Each structure stands twice: as structure tokens, then as C-alpha cells.
Amino acid sequence: MSPPTSPTSGMTGRANQKLRTRRAIVQAAAELSRTGREVTMSEIAVAALVSEATAYRYFPDLVSLLQEAMAGQLPDPDEALAGVEHSTDPVERVAAATEFLLRHVLARQGVVRAMIAGTIARPERSARPGLRFGLIDHALAPQAVAAAIDPPALEQLRRGLAVVVSAEALFNLTDLYGLDPQDAIASVVATATSLTRAALHQDAKPATDART
């Protein structure tokens with residue numbers, strides 16, 4: 001005859017089972033996010049060997065699950081821009097940051113699209129990680145330190161790059177304009193570098209006499 005189970009041990013067992021189930025769901029979401037395929041709650045549930053209803057008991061929506069699953073997966077800007085670590089040319093650094101971000105997006109576009117959709121549907125619960133902002137800041141850091149561009153112009157450049165260096169820009173060119181993904185990446189890189197070069201050139205212009 002098996003020994004009796006105490007209420008305390010029973011509660012601990014259930015808590016451990018819930019923790020294992022939650023971990024399985026998060027792990028399944030993380031693995032699917034790396035495939036680039038469309039990511040849905042039903043697919044995650046199948047991969048985690050649970051029902052979709054069970055997955056929704058642990059996470060109220062797909063975005064909250066993906067947010068937890070992606071934690072720790074995002075690359076550090078230092079690592080991402082290691083190839084231009086010693087460059088002080090902001091144009092070169094912005095080009096590297098743009099290409100890195102867009103290739104990262106392309107490789108994980110299923111989860112990125114799901115996060116964008118969730119943000120649009122519920123903007124008050126924006127849960128997107130904002131990888132672009134860290135990359136842009138890191139790319140422009142030498143320029144900011146050198147003070148070769150004045151603060152208002154630098155801030156405007158950051159804002160402009162936030163629009164261009166983005167998954168939305170990539171998907172606009174692939175989904176709506178019909179470009180091949182590689183051509184789309186090259187196009188966004190060209191736009192981002194042109195924007196950076198123009199900002200530097202504008203700020204470098206000497207002041208002109210208003211009477212001329």
C-alpha cells in the first residue's frame with residue numbers, strides 16, 4: 001500500500017506541475033519564434049503538448065506569451081555591432097545596425113508579425129522589445145560623444161531612423177511593394193544611410209549671412 005499523501009505535499013506537487021507546464025509553453029513559443037514561421041497559440045500548445053485552452057489559462061493572449069518567451073533572446077547591441085566596433089563613421093555604423101536588425105526580423109518574422117499585430121490591436125499594452133532603439137543609439141554613440149552634430153539634429157535623426165530601421169519598413173517593401181527580401185533589406189539600408197549622411201551634411205554646413 002502506498003503511503004498517504006499530505007495536503008502540503010499535494011499542493012507542492014500541483015505547484016510543480018503548473019511550473020513545468022508553464023515552462024513547456026514558454027519553451028515551445030521560444031523554439032517556434034526561431035523558425036520564422038507564423039506563430040499562433042494553437043501551434044504553441046501543440047508543441048508544448050497541452051491544449052490551447054490550457055495555454056490560455058497561463059497566458060491571457062499570444063503577445064504576453066511571446067513577450068516572456070523572447071526575454072533573453074534579443075542580442076546585445078555591442079554584440080550586434082561588433083563588426084564596426086572600432087568605426088567612428090556613423091554612416092557605416094547605421095548601415096550595420098540596419099542590416100543586422102532586418103536580418104534578425106526576417107529570420108523571426110512570424111513572431112515579429114504577431115507582436116506587431118498585438119501592438120496595433122492593443123496599443124495601450126505595447127509589449128514589443130524595441131530592439132531597433134538600442135541599435136540606433138549604439139550606432140550613433142560615437143557621433144553623440146564627438147558632438148559633431150547638435151543635440152536637436154541628433155534627436156531628429158534618431159526619430160527618422162526609428163521609422164526607417166524597422167520591421168514595418170521591411171514588410172512594407174516585401175508585402176506591399178513586392179520586393180525580394182534581400183532587395184528590401186538593401187533598400188532600407190540605403191535609405192537609412194542616406195538619412196544619416198544628409199543629417200551630418202546639413203549640420204556641417206557653415207552658417208550663411210542672411211543678407212546674401
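A helix here is a DSSP run of at least four residues, and helices are numbered from the N terminus. Tyr 56 lies in one of them, helix 3, which covers residues 52-58. The model is predicted.

Start with the whole chain. The secondary structure comes to 11 helices and zero strands. Of the 212 residues in the protein chain, 38% are buried. The accessible surface is about 12200 Å², and carbon and sulfur atoms hold 57% of that area. Now look at contacts with a separation of 6 or more. Residues 24 or more positions apart account for 70% of them.

Go back to Tyr 56. Its relative accessibility is 40%, so Tyr 56 counts as partly exposed. Leaving out residues up to four places away in sequence, Tyr 56 touches Met 41 and Asp 61. Met 41 sits 15 residues from Tyr 56 along the chain, and their C-alpha atoms are separated by 8.0 Å.

Next, find Thr 21 in helix 1, residues 7-33. Is Thr 21 buried or exposed? Buried means under 20% relative accessible area. Thr 21 has 12% relative accessibility, so Thr 21 counts as buried. Its contacts, again without residues up to four places away in sequence, are Val 50, Thr 54 and Tyr 58.

Now turn to charge. Side chains of opposite charge can pair when their charged atoms come close. The count comes to six salt bridges. One of them joins the side chains of Arg 132 and Glu 168, at 3.0 Å from N to O. This pair links distant parts of the chain: Arg 132 is in helix 8 (residues 131-146), while Glu 168 is in helix 10 (residues 167-176), 36 residues apart. Arg 132 is buried, because its relative accessibility is 14%. Glu 168 is partly exposed, at 32%.

The side chains of Asp 137 and Arg 158 form a salt bridge at 2.8 Å, N to O. Asp 137 belongs to helix 8 and Arg 158 to helix 9 (residues 151-164), 21 residues apart. Asp 137 has a relative accessible area of 37%, so Asp 137 is partly exposed. Arg 158 is partly exposed too, at 23%.

Stay in helix 9. There the side chains of Glu 155 and Arg 159 meet in a salt bridge of 3.3 Å, N to O. These two are four residues apart in helix 9, so about one helical turn separates them. Glu 155 is partly exposed at 33%, whereas Arg 159 is exposed at 51%.

Finish at the surface. Asp 76, Asp 78, Glu 79 and Glu 85 gather there in a patch of negative charge. Asp 76 is in the loop between helix 4 (62-70) and helix 5 (77-80). With 40% relative accessibility, Asp 76 counts as partly exposed.

Definitions and conventions. Residues are numbered from 1 along each chain as its sequence is written. This is a predicted model: local features need pLDDT of at least 70, side-chain atom pairs count only at pLDDT 80 or more; totals for chains, interfaces and linings use all residues. Side-chain values use heavy atoms; hydrogens and water are left out. Patches are made of residues with over 30% relative accessible area and no salt bridge: like charges are joined within 9 Å, nonpolar side chains (Val, Leu, Ile, Met, Phe, Trp, Tyr) within 5 Å. Accessible areas come from the Shrake-Rupley method with a 1.4 Å probe; for residues, only the protein chains shown count as cover. A salt bridge is a side-chain nitrogen of Lys or Arg within 4 Å of a carboxyl oxygen of Asp or Glu. Lys and Arg count as positive and Asp and Glu as negative; His and the chain ends are not counted. The place of a charge is taken as NZ of Lys, CZ of Arg, CG of Asp or CD of Glu. Buried means under 20% relative accessible area, exposed over 50%, partly exposed in between (1.4 Å probe, protein chains only). Contact means heavy atoms within 4.5 Å.
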